[in-house]
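Open your viewer and keep the selection tool handy. We will go from one stop to the next, with a short note on what to look for at each.

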Amino acid sequence: MRMDTTTGAPQLPAAALPAELKELLGASDPGSFEQALDALIRRREHALFHALGKLARELHEAVKHLASDVETGGLAAQALPEARRRLGEAMSMSEQAAHASLDVTERLMPEAVRLEEAAGTLMMRCDGLAGDPLADDAGALARQAAIFADACREGLREMTVAQSWQDLTGQRMQQIGGFMERAEHVLLELVRLAGALAGTSPPPIAATPGATASTQDQVDRLLAEFGF
Amino acid sequence: MKILVVDDFSTMRRIIKNLLQELGFGNIQEADDGATALPMLKSGQFDFVVTDWNMPGMTGIALLKAIRAEPALKALPVLMVTAENTREQIIEAAQNGVNGYIVKPFTAVTLKEKLEKIFERLATAS
C-alpha cells in the first residue's frame, strides 16, 4: 500500500497491516471488495457496541446499588418527606411567632398613642396652673409619660419591622423545601428506573462475530433505557 | 389614599400595613400575589401599590409590567419592597417604570423616606 506522500506520512510495510485490511486490499472483484469492507465495518462496530454495552452494564450496576442504598435508608420514601414536613412546621411556627409579636405591637401601639395624647393635654393644663405645687408635679409626670409613650411608639415600630426576619427566613426555607422536593422526585425516579432495569437485566454480550446483530439489538435496547 | 400591599407572606403584609398606618395611611388592602392583585387593581380605584418581587403565581415584576401595560393603571405608582437585590433585577424594575425600590430587611425610616420621595416626584411631574 502506498500512503499519501504529499502529506509526508510514512509508508507502512504490508506485513504490519491488519488481516482484514489486507483482505480488503487484496480483493480481486467489486463483490469480494464489498464483502471484505462489510466484514471490516462489522468488526469495528462490534468493538464499539461491545464497549458501549460494557459501559451501560456498569452504569446499570451503579444505578442499582445507589437505588438500593436509597431504598434501604428510606431516603426518598421517608426521610426526605419527613424533613420537608418538619421544615414546613418550622415555617408555620415562625409565622405564628411573628404574628404573636405583631399582635402585641398592634395592641400596645394605640395605648402608647393615647398615653402621649393624654400626657400632652395634661401638660397644657398644668402649664396654665404654674406655681401650684400639685400642678407642677402633675406636669412633670405628664412630661415623663409623654417621653415614655414616644419611646414606646418607636420601640413598637422597631419590633414590628424586626418581624420581617420571618419573611426572609421563610423565603429561604421555601427555597430549601423546593430543592428537597425536586431531589425527592429524582431519587424516586432513580428507584423506579433501577426496579425496571432489575426486571430486565441485560443479557450477556456475545463475543463471536456471528452474534453481532443480536448483540447490537440488545445494546440498543439497553441504551434506549438510558435515553440514548 | 387607597393602598394595595402585595406579598405572599402574611407577616410582611401585616408589617407594611402597620408601618403605613403609622405614617397616616388608613385605607390599606392586601393581596398575596400578582394574580390576586391585578383584578383588585382593575376594579378597586387604588392610588398606590406596594409589592414584593418573589411570589408564587404572578411575581411582582410581572405585576408591574401588567400595570404599565394596562391603560387605566399605567400611571399607578408602584413601590417594590423585596429581598431580590441583584443589579439586573433592579435595572429590570427601573426599566419597567417602578417608582421606588426598597430592599428587605428595611427600616420604618427607609419606607417613610422612599414614600416621601415618590410623592415629591409625582407632585413635580403633575
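**First stop: a helix pair**

H2(B) and H3(B) cross in a right-handed manner (the near helix is turned clockwise from the far one by less than a right angle). This is a predicted model, in which local features need pLDDT of at least 70, side-chain atom pairs count only at pLDDT 80 or more, and totals for chains, interfaces and linings use all residues. Residues are numbered from 1 along each chain as its sequence is written, chains are lettered from A and ligands numbered from 1 in the order in which they are written, and side-chain values use heavy atoms, without hydrogens and water.

Select residues 34-44 and 60-69 of chain B: the two helix axes come within 9 Å and cross at roughly 25°. The pair is therefore roughly parallel (an angle under 35 degrees).

Now show side chains. B:Gly34, B:Ala37, B:Leu38 and B:Leu41 of H2(B) meet B:Leu63, B:Ala66 and B:Ile67 of H3(B) (contact is heavy atoms within 4.5 Å). Six of these contact residues are nonpolar, one is polar and none is charged.

**Next stop: the cores**

Select B:Ile3, B:Ile16, B:Leu20, B:Val50, B:Leu79, B:Phe106 and B:Leu111, which have the most contacts inside the largest nonpolar core, of 33 residues (buried nonpolar residues joined through side-chain atoms within 4.5 Å; buried is under 20% relative accessible area, with a 1.4 Å probe and protein chains only). H5(A) gives the largest share, six residues.

Centre on B:Phe106: its contacts beyond four places in sequence are A:Val161, B:Met12, B:Ile16, B:Leu19, B:Val81 and B:Leu111.

Methods
Axes are lines fitted to C-alpha atoms, for helices over the stretch in contact, and angles run from 0 to 180 degrees between N-to-C directions. Helices (H or I, at least four residues) and strands (E, at least two) are DSSP runs, numbered from the N terminus. Angles under 35 degrees count as roughly parallel, over 145 as roughly antiparallel, 65 to 115 as roughly perpendicular and the rest as oblique. Ala, Val, Leu, Ile, Met, Phe, Trp, Tyr, Cys and Pro count as nonpolar, Asp, Glu, Lys and Arg as charged, and the others, Gly among them, as polar. Buried means under 20% relative accessible area, exposed over 50%, partly exposed in between (1.4 Å probe, protein chains only).
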